[in-house]
Amino acid sequence: MRFNTAVKIIVLVLISVSQSSASDGISVSAGPMISNLAPMDSVYKNRFLTPGTSAGLAVDIDAPGILDFRITGEYFWKNSSPTGWDGELSAFLISIMPLAEYNVFKKFSVFAGVGGVFITGKYRGTDDFGEFVEVDGSSAGFALSVGAEVILVGPLTGRLEYRRSFANIKMDNAVIDGVESSVYPAVESDLGSSQFCITFPVSLFGSEGSIF
């Protein structure tokens, strides 16, 4: 599964929802998302030291009542740390999450939810033995979300969200100094992450002030 495939799925969902939103009271919003994502693996913490950056797209499908759905796709990257480690880490994260939302005031609401997440990533860098290691893999897990959002102006909303994802993967092969090698016993890595996200969704249709 690749990130562009997820984008196609999101577009198809938008089209299908838009056809029924008027009659069913469903509203859809979408907007850019950026965060300071930090993988939870201890190797990352020891070598990169600081969080990396992720950017992507969030699509919200709001049904009548407190239950909503959020689909996000984001790309994460981090280059070598200030200490001089010659490595890099990148990943795609795709999540589908049902949320319970509560309107505290007319233009302010809070939300929380649990959903599924798919992660695929690549890791390149020098290990403790001076070997340059390249590995990649993917895994599925679950994620927690909690946050708040406020209507800024017209169809534009601002959102602050904290996410924590949980996913593990076992790897039994890697490219070491340019040579594909078997890893025995298989190494289990933590693909989970922690992040604070800022999103600016725009209401597309189905609610007051929507663009369409």
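Predicted model: local features only at pLDDT ≥ 70, side-chain atom pairs only at ≥ 80, totals over all residues.
**A colleague's note on the buried charges and nonpolar cores**

1. Both R70 and E161 are buried.

2. With a relative accessibility of 1%, E161 counts as buried, because the cut-off for that is under 20%. R163 is buried too, with a relative accessible area of 4%. Which residues do salt bridges with shared partners join into one network? They are D60, R70, E149, R159, E161 and R163.

3. Another pair to look at is R159 and E149, whose salt bridge has its closest N and O atoms 2.9 Å apart. Here R159 sits in strand 8 and E149 in strand 7, so the pair ties together parts that are 10 residues apart in sequence. R159 and E149 are both buried. For the whole structure, the search finds 7 salt bridges.

4. While you have strand 8 (residues 156-166) on screen, have a look at T157, which lies in it. T157 is buried, with a relative accessible area of 13%. Setting aside neighbours within four places in sequence, T157 is in contact with E149, V150, I151, L152, T199, F200 and P201.

5. Now for the nonpolar side. The largest nonpolar core has 18 residues, and F76, L93, I119 and V135 touch the most other members. Two or more residues each come from strand 5 (88-103), strand 6 (108-126), strand 7 (132-153) and strand 9 (168-176). Strand 5 gives the most, with 5 residues.

6. Apart from neighbours within four places in sequence, V135 has contacts with G121, K122, Y123, M171, N173 and A174. There is also a second, separate core of 8 residues, including I26, V28, I71 and L204.

7. One backbone angle to check: D177 has a positive phi of about 50° although it is not a glycine. Most residues other than glycine have a negative phi. Where is D177 found? D177 is in the loop between strand 9 and strand 10 (179-190). Is D177 buried or partly exposed? With 49% relative accessibility, D177 counts as partly exposed.

Methods. Residues numbered from 1 in each chain as written. Heavy atoms only, no water. Core = buried A, V, L, I, M, F, W, Y, C linked by side-chain atoms within 4.5 Å. Buried < 20%, exposed > 50% of the residue type's maximum accessible area, 1.4 Å probe, protein only. Helix = DSSP H or I, 4+ residues; strand = E, 2+ residues; numbered from the N terminus. Contact = heavy atoms within 4.5 Å. Salt bridge = Lys/Arg side-chain N within 4 Å of Asp/Glu carboxyl O.
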